[in-house]
Amino acid sequence: MALYESLTAQSTPEQIAAAYKEFTGTTGGDTAAAQQAATGYLTNLGISAPTIQSAYQSYLGAPTASTATAAT
């Protein structure tokens with residue numbers, strides 16, 4: 001089973017990022033089309049826009065608000 005198939009509205013940004021990494025590995029990379037498909041899929045699952053954005057930042061390796069706070 002692909003990781004994205006196990007996602008729910010309660011999935012964490014880290015879980016979503018891992019699923020997106022797997023998804024982009026099968027679709028030719030982090031393209032605008034992949035981002036649009038993933039955003040639509042996640043929105044249909046009931047995942048909020050801020051959570052999707054946080055997941056994408058996690059995918060990119062950018063520090064999230066929680067990790068930036070923990071580092072200070």
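Figure 1. A residue is called partly exposed when its relative accessible area falls between the under-20% range of buried residues and the over-50% range of exposed ones. In this predicted model, Tyr41 has 32% relative accessibility, so it counts as partly exposed. Tyr4 gets the label too, because its value is 33%. To describe a pair of aromatic rings, you give the distance of the centres and the angle of the planes. There are five aromatic pairs in the structure. In the pair of Tyr4 and Tyr41, the ring centres sit 5.5 Å apart and the planes make an angle of 85°, so we call it edge-to-face. Tyr4 belongs to the segment before H1, while Tyr41 is part of helix H2 (residues 32-44), so this pair ties together parts that are 37 residues apart in sequence.

**Figure 2. Tyr56 and Tyr59, a pair within H3.** Here the ring centres are 5.8 Å apart with the planes at 25°, so this pair is stacked. Both Tyr56 and Tyr59 lie in helix H3, three residues apart, which is about one turn of the helix. How accessible is Tyr56? Its relative accessibility is 23%, so Tyr56 is partly exposed. Tyr59, at 25%, is partly exposed as well. Together with Tyr20 and Phe23, these two tyrosines form one aromatic cluster.

**Figure 3. A look into the nonpolar core.** Which residues make up the largest nonpolar core? There are seven: Leu7, Ile16, Ala19, Leu42, Ile47, Ile52 and Ala55. Now pick out Ala55: setting aside neighbours within four places in sequence, Ala55 is in contact with Pro13, Ile16 and Ala17.

**Figure 4. The largest pocket and its lining.** Roll a probe the size of a water molecule over the atoms, and you see where empty space is left. The largest pocket holds about 180 Å³ of space. Its lining includes Gln35, Ala38, Thr39 and Gln53, and Ile16, Leu42, Ile52 and Ala55 line it too. Tyr20, Tyr56 and Tyr59 are also among the lining residues. Each of H1, H2 and H3 supplies at least two lining residues, but the largest share, five residues, comes from H3.

Figure 5. The protein has a mean pLDDT of 89, and 85% of its residues reach 70 or more. Over residues 67-72, though, the pLDDT is below 50, and this stretch has zero contacts in the model beyond near neighbours in sequence.

Conventions
Residues are numbered from 1 along each chain as its sequence is written. This is a predicted model: local features need pLDDT of at least 70, side-chain atom pairs count only at pLDDT 80 or more; totals for chains, interfaces and linings use all residues. Side-chain values use heavy atoms; hydrogens and water are left out. A nonpolar core is a set of buried Ala, Val, Leu, Ile, Met, Phe, Trp, Tyr and Cys residues joined through side-chain atoms within 4.5 Å. Buried means under 20% relative accessible area, exposed over 50%, partly exposed in between (1.4 Å probe, protein chains only). Contact means heavy atoms within 4.5 Å. pLDDT is the predictor's confidence in each residue, from 0 to 100. Rings of Phe, Tyr and Trp (its six-membered ring) pair if their centres lie within 6.5 Å; planes under 30 degrees apart count as stacked, over 60 as edge-to-face and the rest as tilted. Helices (H or I, at least four residues) and strands (E, at least two) are DSSP runs, numbered from the N terminus. On a 1 Å grid over the protein atoms alone, a cavity is a set of points where a 1.4 Å probe fits but cannot get out, and a pocket is an open set with protein on both sides within 12 Å along at least five of seven lines; lining residues have an atom within 4 Å of a point. Grid points are joined across faces, edges and corners, and a volume is the space filled by probe spheres set on the points.
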